[in-house]
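Me: Please take me through some side-chain contacts and strand pairings, one feature at a time. For each, I would like the general idea and then the case at hand.

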Amino acid sequence: QVQLVESGGGLVQPGGSLRLSCAASGSISSINTMGWYRQAPGKQRELVASITSDGSTNYANSLKGRFTISRDNAKNTVYLQMNSLEPEDTAVYYCNTYRVIGLRVENFWGQGTQVTVSS
């Protein structure tokens, strides 16, 4: 099993910044890609960004330039730096990783951290 614990959410004014952290523990030797998803009220969960163990990144097109994902493999932690936040970024942000066992993909999720962008 892999455990993911997020932190860093909160209330921020439009134009502000936040940095989310996600610490992984457990069977972490079996994971490679880590990522962030978000889910706004009434909407489906969507990918924000992901990063592989060698640092290759992938972003949702609409967020490129404002959000930056990074990773500290020594600390088994992934970060999401969010700048120029907009009210539309309000959502619960979830950390994710997965492992492939044969033909089966096993997903792991954190508990989520609320990000609210409001004046």
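Me: Let's start with a charge over a ring. Which ring has arginine 45 over its face, at 3.8 Å from the ring centre?

Reply: A charge counts as sitting over a ring when NZ of Lys or CZ of Arg is within 6 Å of the ring centre and within 35 degrees of the ring normal. Here the ring is that of tyrosine 94, with arginine 45 over its face at 3.8 Å from the centre. Arginine 45 also lies over the face of tryptophan 109, at 4.5 Å from that ring centre. Keep in mind that this is a predicted model, where local features need pLDDT of at least 70, side-chain atom pairs count only at pLDDT 80 or more, and totals for chains, interfaces and linings use all residues. Residues are numbered from 1 along each chain as its sequence is written, and side-chain values use heavy atoms, leaving out hydrogens and water.

Me: Now the rings themselves. How many aromatic pairs does the structure hold?

Reply: An aromatic pair is described by the distance of the ring centres and the angle of the planes. Rings of Phe, Tyr and Trp (its six-membered ring) pair if their centres lie within 6.5 Å, and planes under 30 degrees apart are stacked, over 60 edge-to-face, the rest tilted. The structure holds two such pairs. Tyrosine 37 and tryptophan 109 are edge-to-face, 5.1 Å centre to centre with 70° between the planes. That pair links distant parts of the chain: tyrosine 37 is in strand β4 and tryptophan 109 in strand β10 (residues 104-109), 72 residues apart. (Strands are DSSP runs of E, at least two residues, numbered from the N terminus.)

Me: And what is the geometry of tyrosine 94 and tryptophan 109?

Reply: Their ring centres are 6.4 Å apart and their planes stand at 90°, so this pair is edge-to-face as well. Tyrosine 94 is in strand β9 and tryptophan 109 in strand β10, 15 residues apart.

Me: Is tyrosine 94 buried or exposed?

Reply: Relative accessible area decides (buried under 20%, exposed over 50%, partly exposed in between, with a 1.4 Å probe and protein chains only). Tyrosine 94 is buried at 14%.

Me: On to salt bridges. How many are there?

Reply: The rule asks for a side-chain nitrogen of Lys or Arg within 4 Å of a carboxyl oxygen of Asp or Glu. The count comes to five. One of them joins glutamate 46 and arginine 38, at 2.7 Å from N to O. Glutamate 46 is partly exposed at 38%, whereas arginine 38 is buried at 9%.

Me: Which residue does glutamate 86 bridge to?

Reply: Glutamate 86 bridges to arginine 66, with the closest N and O atoms 3.9 Å apart. This pair links distant parts of the chain, 20 residues apart: glutamate 86 sits in the loop between β8 (77-82) and β9 (91-101), arginine 66 in the loop between β6 (57-59) and β7 (67-72). Glutamate 86 is partly exposed at 33%, and arginine 66 is buried at 14%. Another bridge connects glutamate 106 and arginine 99 at 2.9 Å; here glutamate 106 is buried at 16% and arginine 99 is buried at 13%. Shared partners join Arg38, Glu46, Arg66, Glu86 and Asp89 into one network.

Me: Last, the strands. What is the strand order in the open sheet of four strands?

Reply: Two strands pair if DSSP finds at least two bridges between them. The order is β1-β3-β8-β7, with antiparallel pairing. β1 (2-7) and β7 are the edge strands, each pairing on one side only. Within the sheet, β3 (residues 18-26) and β8 pair over six bridges, and cysteine 22 has valine 78 in β8 as its bridge partner.

Me: How do β4 and β5 pair?

Reply: β4 (residues 34-39) and β5 (residues 46-51) are antiparallel over five bridges, with tyrosine 37 opposite leucine 47. Their hairpin has six residues between the strands, and glycine 42 there takes a positive phi near 80°. β5 also pairs with β6, antiparallel over three bridges. In that hairpin, which has five residues between the strands, glycine 55 takes a positive phi near 95°.
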